[in-house]
Amino acid sequence: MIKDQKTIYTNLVLLGVSLFGIYPLIPHKFESISVFLLALCSLIYRIKVPKNSIFKKTFFIVSSIYFILFLSVFFSEDISRGLKKMETTLSLLAFPIIFYLLLGKSIVDHFKIKLLFLKAYYISCLIFTTISFYLFEIYENSKYVTKDSNFYRIAIFDNSYIGEHPIYVSIFISIAIIFGFSFFDREKKISFKNFLIAFAQCYLLSLLLMLMSKGVILSLLMVFIIMLIKQKGLTKIHFFSLAIILITFFVLIPSENNRFKEIININTYKKLDENNSTSIRFINYKCGLKSLMKSPIYGYGIGDVQEQLDLCYQEENTNFPKKRYNTHNQYLFIWLSSGIIGFITFIVILFYYFKKSIQFQDDVMFSILVLYSFTFLFENVLSRQSGVIFFCFIINYFLWNNFNKKKTLSSHE
């Protein structure tokens, strides 16, 4: 009887998690359905198993940033805009409720759910990559004569089905690549399975390089470097070899598709070039820091941050349309929104996630945290629905899974 109940509850939770396994394939306008289904399944679980323990401490820690940002709304002059921002970032509260209060210490087959999620997500990213390559062949745009990174990025963004920002696509693909390394058979290093996975990894990487989202690529490289440093028995030769590989990697990127050249071009920083993403970000960071210096303790309230940035853009004589360019730095945005308290709270939450990933020896969760933590330096990931939903799901799902299991997926393989 107990075994039958466990199977029923496992399938219920699996149903809720399943849409996140195919998240990259879900059209942008339907992404919130994933949250609703998981919340519904979790609520049913709570009703059926009302006495299961909850993770109250973790809920208060990880959801605290949402409450602080919500309070900042009332320090804003534009309260309606602030409330709209809080609606976008509702996942910061929704997923802690789902995993730590509704599901809590669950009597389900966690290994089965996680394994199916990882595989479904990985296959979904491979399908997404195939669809993208097809789009690149049929897409036409008179503005782009040659097929460079700008062409590929616009082809992804313009499509009525995908319609996703290339940066978020790059994040999804990078996470799939991280998952891919956990699939390798470490006992049989030379095997057909490992060959297929290596091919799939290269296939995913090719799309990542075509889209050329610099911040995400650099963040993924940091994941590899940090994970390499964590390994024991490394010598100077290993690090020297890594440096050679990285240099070769950047040199071999075709010049027409190498957006990293913007970074080392001195003209990028002398004068604003609206066709140069690094030049635009330089102005974003400059105005973000100038605004921060005016109110470093209290910030401006989440509803007024964009107005402060727009005023600075006008002072810098840019032609930026209003409300288009944010800080492009998640840490800076949170500081401007909720002051020093909000910033410190956000850092503490990230530290808490890192601490738990190390405590549970979960290299996959740790790698995803590294990826996001560095990407936050270049993007307001949590300011868009696509970014905040998946970040909040995957980090809280892994932590919840670890709370419920003494062994991680890697120890099973």
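## Aromatic pairs, a disulfide and surface residues

Y121 is buried, at a relative accessible area of 0%. Buried here means under 20% relative accessible area, exposed over 50%, and partly exposed in between (1.4 Å probe, protein chains only). This is a predicted model, in which local features need pLDDT of at least 70, side-chain atom pairs count only at pLDDT 80 or more, and totals for chains, interfaces and linings use all residues. Residues are numbered from 1 along each chain as its sequence is written, and side-chain values use heavy atoms, with hydrogens and water left out.

**Aromatic pairs.** The structure holds 48 aromatic pairs. Rings of Phe, Tyr and Trp (its six-membered ring) pair if their centres lie within 6.5 Å; planes under 30 degrees apart count as stacked, over 60 as edge-to-face and the rest as tilted. Two of these pairs are tabulated.

| Pair | Centre to centre | Angle between planes | Class |
|---|---|---|---|
| F20 and F393 | 4.0 Å | 5° | stacked |
| Y121 and F179 | 5.3 Å | 70° | edge-to-face |

Y121 lies in helix α6 (residues 110-138) and F179 in helix α8 (residues 166-183), 58 residues apart. Helices (H or I, at least four residues) and strands (E, at least two) are DSSP runs, numbered from the N terminus. F179 is buried at 0% relative accessibility. F20 sits in helix α1 (residues 2-21) and F393 in helix α18 (residues 385-404), so their pair ties together parts 373 residues apart in sequence. F20 is buried at 0%. F393 is likewise buried, at 0%.

**Cysteines.** A search of the whole structure finds one disulfide, defined as a pair of cysteine sulfur atoms within 2.5 Å. C287 is joined to C312, with S to S at 2.2 Å. The torsion about their S-S bond is about -80°, so the disulfide is left-handed. C287 belongs to helix α14 (residues 277-294) and C312 to helix α15 (residues 305-315), 25 residues apart. Both C287 and C312 are buried. C392 is buried at 2%, whereas C202 is exposed at 54%.

**Helix α10.** Helix α10 (residues 214-230) has 17 residues and should span 24 Å, in agreement with its end C-alpha atoms, 24 Å apart. The expected span is 1.5 Å times one less than the number of residues. Its buried residues include K214, G215 and M227.

**An exposed loop residue.** N319 is found in the loop between α15 and α16 (330-359). N319 is exposed, with a relative accessible area of 64%. Its C-alpha atom is separated by 8.8 Å from that of E274, 45 residues apart along the chain.
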